[in-house]
Amino acid sequence: MKSAKLAKTLTAAALTLTLLAVPVSSTVVHAADQVTSSSTSASSTSQTHTLKKSYVVYGAGAADKGKLSQVLAVGDDFTTLTATADDYQKYINPNDSTTNAAMVSSVSIVPTDPGSGVQVNVKKFNGDNNITKVTAQQYAMVAQMAGVTDVMITVSANRPVSGESALTGVYKAIATDGVDLNSQNTQSANQMLGATNGAIAANKDDGSYPGKLMAAVGDTTKSINQQKKQGETPTKTTIQTTLNQNLQERNIYNQTKNYTGPIINALVQFNNSPISSSKDYSSHVNDTIKNVKNSSGDIMNKAKKFLNSADGQAAQQKALSWWNKFVNWLRNWF
């Protein structure tokens with residue numbers, strides 16, 4: 001009788017463990033296990049990169065870093081860096097006269113699974129959305145165009161700022177990790193950030209617009225890349241036609257047509273940068289297009305963000321503790 005009861009108990013417990021264990025084991029991201037993923041350009045130079053480990057980069061002018069670390073879900077294994085005015089001039093705008101005090105927006109950047117593209121969460125600080133200008137979708141596509149992929153980026157600030165300097169932290173983390181991003185790539189990407197601001201501001205009441213716009217931009221860079229791999233060099237007219245077609249496919253042409261000039265110029269710069277000829281750019285940007293196209297608002301990935309957070313880590317430890325208790329309970333039967 002006792003054996004039959006034990007058999008039924010073990011069967012039920014095994015089924016329960018299977019249901020509980022699979023989601024945790026299949027979605028936990030182990031930063032230390034990630035390897036650099038790169039694509040090769042026509043000149044055999046790597047143009048697209050991820051990270052070997054996790055970083056948090058605080059703006060030199062950021063305050064309350066203790067609270068920021070919680071918002072950015074910083075773990076004990078993160079390497080801490082500071083983004084300075086000199087870094088901004090190096091990676092974003094060499095002619096800018098910004099100061100350390102103006103470097104406020106901060107980022108955490110974590111390597112994710114190959115094929116996950118760039119995912120971005122813009123997080124509130126003490127209930128306030130202090131990143132007032134740049135959207136999660138802009139950050140994602142611009143980082144991809146610069147040569148960053150397969151990462152989760154979280155952005156926040158302790159006081160209201162535009163958020164444009166946050167990319168400084170992303171680029172500095174990549175450089176600290178051992179890769180110098182090509183300056184032509186980063187400059188064309190940075191230009192796209194400014195180029196899309198006007199269209200997004202004009203459509204600020206449509207929460208789905210930034211995702212649709214940046215997906216259309218991504219589609220156009222993908223088309224450029226595919227043409228160049230076939231030995232063709234798109235003209236500015238071709239790029240303009242392709243962008244307009246992609247805007248129409250996303251049903252945002254009418255809302256965007258008056259703001260396409262700067263976007264086309266940025267795409268021309270992308271066309272002139274090494275990454276536009278990169279062998280695997282199309283597949284990498286396609287991953288990021290999937291992330292941004294249907295996203296709305298500031299949170300693009302809740303699940304992985306949770307698993308990298310303090311609460312997520314606590315939940316995993318609780319599950320392991322439950323398993324140990326279950327094993328001890330089984331031993332009492334024998």
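Biologist: Where does Gly211 lie?
Modeller: You'll find Gly211 in helix H7. Helices here are DSSP runs of H or I with at least four residues, strands are runs of E with at least two, and both are numbered from the N terminus. Bear in mind that this is a predicted model, where local features need pLDDT of at least 70, side-chain atom pairs count only at pLDDT 80 or more, and totals for chains, interfaces and linings use all residues. Residues are numbered from 1 along each chain as its sequence is written, and side-chain values use heavy atoms, with hydrogens and water left out.

Biologist: Is Gly211 buried or exposed?
Modeller: Buried, with a relative accessible area of 0%. Buried means under 20% relative accessible area, exposed means over 50%, and partly exposed is in between, with a 1.4 Å probe and protein chains only.

Biologist: And what does Gly211 touch?
Modeller: Gln137, Val292, Lys293 and Ser295, if you skip residues up to four places away in sequence. A contact is heavy atoms within 4.5 Å.

Biologist: What about H7 itself, how many of its residues are buried?
Modeller: 16 of its 21, so H7 is largely enclosed by the rest of the structure. H7 covers residues 209–229 and reaches 30 Å from first C-alpha to last, close to the 30 Å expected at 1.5 Å a residue. That expected span is 1.5 Å times one less than the number of residues. Just after H7, Gly231 has a positive phi of about 90 degrees.

Biologist: Which residues other than glycine have a positive phi?
Modeller: Asp64 has one of about 55 degrees, and the phi of Asp150 is near 55 degrees. Asp64 is in the loop between E1 and helix H2 (65–71), and at 45% relative accessibility Asp64 counts as partly exposed. Asp150 is in the loop between H4 and E5, and Asp150 is buried at 2% relative accessible area.

Biologist: Switching to the sheet: what's the strand order?
Modeller: The order is E2-E1-E3-E5-E4, an open sheet of 5 strands with mixed pairing. Two strands pair if DSSP finds at least two bridges between them. E2 (79–83) and E4 (118–122) are at the edges with a single partner strand each, so one side of each has no neighbour in the sheet. On average, neighbouring strands are turned by 20 degrees against each other, direction ignored.

Biologist: How many bridges join E3 to E5?
Modeller: There are 6, between residues 106–111 of E3 and 151–156 of E5, and the two strands run antiparallel. Val107 stands opposite Val155 in E5.

Biologist: Which strands does H4 lie across?
Modeller: E4 and E5; H4 is residues 136–146 and runs at about 150 degrees to E4. For angles, axes are lines fitted to C-alpha atoms, for helices over the stretch in contact, and values run from 0 to 180 degrees between N-to-C directions. Helix H5 (166–176) packs on the sheet as well, touching E1 (55–59), E2, E3 and E5.

Biologist: Which helix crosses H4 at roughly 175 degrees?
Modeller: H11 (281–293), and the two axes come within 10 Å. That makes H4 roughly antiparallel to H11; the label needs over 145 degrees, while under 35 is roughly parallel, 65 to 115 roughly perpendicular and the rest oblique. Among the residues that meet are Gln137, Ala140 and Met141 in H4 and Tyr281, His284 and Val285 in H11.

Biologist: How many residues are in the largest nonpolar core?
Modeller: 68, and the ones with the most contacts inside it include Val120, Tyr139, Ile153 and Val155. A nonpolar core is a set of buried Ala, Val, Leu, Ile, Met, Phe, Trp, Tyr and Cys residues joined through side-chain atoms within 4.5 Å. H4 gives the largest share of this core, 8 residues. A second, separate core of 9 residues includes Tyr58, Leu68, Phe78 and Phe125.

Biologist: Last one: what does the secondary structure of the chain come to?
Modeller: 13 helices and 5 strands. Of its 334 residues, 50% are buried. Among contacts between residues at least 6 apart in sequence, 81% join residues at least 24 apart.
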